[in-house]
Amino acid sequence: ESLFKAVPEIYNNLEGRLLEHYPEAQMHIPSFLQFGSWIGGDRDGNPNVKPETTELALRLQSEAVLEEYIRRLADTFKQLTHSSALCTPSKAFNDSLNIDENIRFEVFTTKPTIYSKAPYRRKIAFMRYRLQQTLDKTRAHIYQDEFDESAWPHAYRKETDFLNDLYVIRDSLYSHGDRKIADLVLKDFIRLVESFGFYLLHLDVRQESTRHTEAVAEVLQQLDPNVDYMTLSEQQRISLLADKLKQHDSRFELDRSKLNEANLETIEVFETMERMYDEISEHAFGNYVISMTHEASHIMEVMWLASLVGLAGFKDDVCYCHIQISPLFETI
């Protein structure tokens with residue numbers, strides 16, 4: 001919560017100093033501050049940090065930031081009282097509002113025409129409804145064992161959709177000469193969403209290198225019983241993993257019953273990351289840290305395991321990677 005207060009202050013102070021020294025520059029400072037955490041993701045040597053621990057950490061982070069946004073939307077609603085009789089919103093804003101009108105009967109159940117003369121309030125009401133659905137869905141994942149995903153059809157799918165709604169309100173206010181009120185009400189809010197998204201903190205995942213080596217060896221045995229990964233040289237390991245990455249056009253169907261408990265858990269961490277990538281945000285994770293890294297193959301192992309669940313690989317002959325691998329060197 002202290003970050004929600006501090007981040008806008010830092011940007012405002014920086015902009016103030018720049019304006020003081022470069023009054024003619026008209027500089028806009030893009031949001032560059034980002035925050036990370038390893039709480040719930042660092043499993044190196046800690047048997048209590050399970051895949052479900054990582055899920056819970058991310059969902060609690062998302063819950064915290066969504067609650068903050070809903071509070072700020074309520075404040076914004078109170079202040080943007082503009083009447084359509086006294087201002088003309090931009091075309092982009094009206095187009096956005098017209099799209100939202102498709103859910104007016106769900107949002108305004110008793111009076112669908114409410115705020116029809118207060119366009120910004122009406123737009124914010126739609127946004128609050130959608131954001132509340134996003135929060136309710138996140139809470140269901142945290143606190144309920146069973147639920148129907150279709151119960152929240154209008155939830156924001158990603159933070160950029162919510163951010164674009166804030167941009168369209170801000171730009172519309174600018175268009176009819178209300179820049180001061182837009183900056184007063186929305187500037188800090190937009191900074192927060194640009195900084196924290198729906199994920200709050202980039203969660204680092206950390207695991208010891210031998211866990212990946214053992215998992216790779218067992219998975220490769222399923223692909224080809226003749227391959228004994230543990231006996232291969234370093235160069236042979238690199239060549240084999242590189243070939244497997246290039247050949248991997250679809251997800252390999254693992255026989256999970258043939259994996260030992262530790263290796264199954266290693267695979268499930270990658271599955272969790274792929275699932276949270278879709279559920280929370282594509283920015284939910286920071287680094288995948290490989291502790292006790294000794295060889296280049298240790299990095300290739302993580303890349304290949306990630307490819308098994310769709311976090312990395314090739315699509316239409318173009319490589320992609322949704323995981324940021326960071327080798328950690330801990331010995332001379």
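Reader: Which helix gives the most to the lining of the second largest pocket?
Author: That would be helix 5, with four residues. This is a predicted model, by the way.

Reader: Okay, and which other elements give two or more residues to the lining of the second largest pocket?
Author: Besides helix 5, helix 2 and helix 10 (261–279) do.

Reader: What is the volume of the second largest pocket, and which residues lie nearest its centre?
Author: The volume is about 340 Å³. The pocket is lined by 18 residues, and Lys137, Tyr156, Arg157, Asp278 and Glu279 lie nearest its centre. By class, the lining divides into seven nonpolar, four polar and seven charged residues.

Reader: Now the largest pocket: what is its volume?
Author: About 560 Å³. Its lining has 18 residues, and the closest to the centre are Glu15, Met27, His28, Arg179 and Lys187.

Reader: Which helix gives the most to that lining?
Author: Helix 7 does, with six residues. Helix 1 and helix 6 (159–175) are also there, each supplying at least two residues. The lining of the largest pocket has eight nonpolar, three polar and seven charged residues.

Reader: Switching to charges, how many salt bridges are there in the whole structure?
Author: A search of the whole structure gives 26.

Reader: Which one links distant parts of the chain?
Author: Take aspartate 42 and arginine 206, whose closest N and O atoms are 3.7 Å apart. Aspartate 42 is in the loop between strand 1 (36–37) and helix 2 (51–79), while arginine 206 is in strand 2, so the partners are 164 residues apart in the chain. Aspartate 42 is partly exposed, with a relative accessible area of 25%, and arginine 206 is partly exposed at 25% too.

Reader: And which residues are linked with them in a network of salt bridges?
Author: Asp44 and Glu330 join Asp42 and Arg206 in that network.

Reader: Changing topic, which residues form the nonpolar patch on the surface?
Author: Leu56, Leu60 and Tyr143 do, with about 300 Å² of accessible area together. Tyrosine 143 lies in helix 5 (residues 119–143), and tyrosine 143 is exposed, with a relative accessible area of 56%.

Reader: Why does leucine 200 count as buried?
Author: Because its relative accessible area is 13%, and buried means under 20%.

Reader: And where is methionine 292?
Author: Methionine 292 is in the loop between strand 3 (285–291) and helix 11 (296–308). Methionine 292 has a positive phi of about 55° although it is not a glycine. With a relative accessible area of 25%, methionine 292 is partly exposed.

Terms used. Residues are numbered from 1 along each chain as its sequence is written. This is a predicted model: local features need pLDDT of at least 70, side-chain atom pairs count only at pLDDT 80 or more; totals for chains, interfaces and linings use all residues. Side-chain values use heavy atoms; hydrogens and water are left out. Buried means under 20% relative accessible area, exposed over 50%, partly exposed in between (1.4 Å probe, protein chains only). Patches are made of residues with over 30% relative accessible area and no salt bridge: like charges are joined within 9 Å, nonpolar side chains (Val, Leu, Ile, Met, Phe, Trp, Tyr) within 5 Å. Accessible areas come from the Shrake-Rupley method with a 1.4 Å probe; for residues, only the protein chains shown count as cover. A salt bridge is a side-chain nitrogen of Lys or Arg within 4 Å of a carboxyl oxygen of Asp or Glu. On a 1 Å grid over the protein atoms alone, a cavity is a set of points where a 1.4 Å probe fits but cannot get out, and a pocket is an open set with protein on both sides within 12 Å along at least five of seven lines; lining residues have an atom within 4 Å of a point. Grid points are joined across faces, edges and corners, and a volume is the space filled by probe spheres set on the points. Ala, Val, Leu, Ile, Met, Phe, Trp, Tyr, Cys and Pro count as nonpolar, Asp, Glu, Lys and Arg as charged, and the others, Gly among them, as polar.
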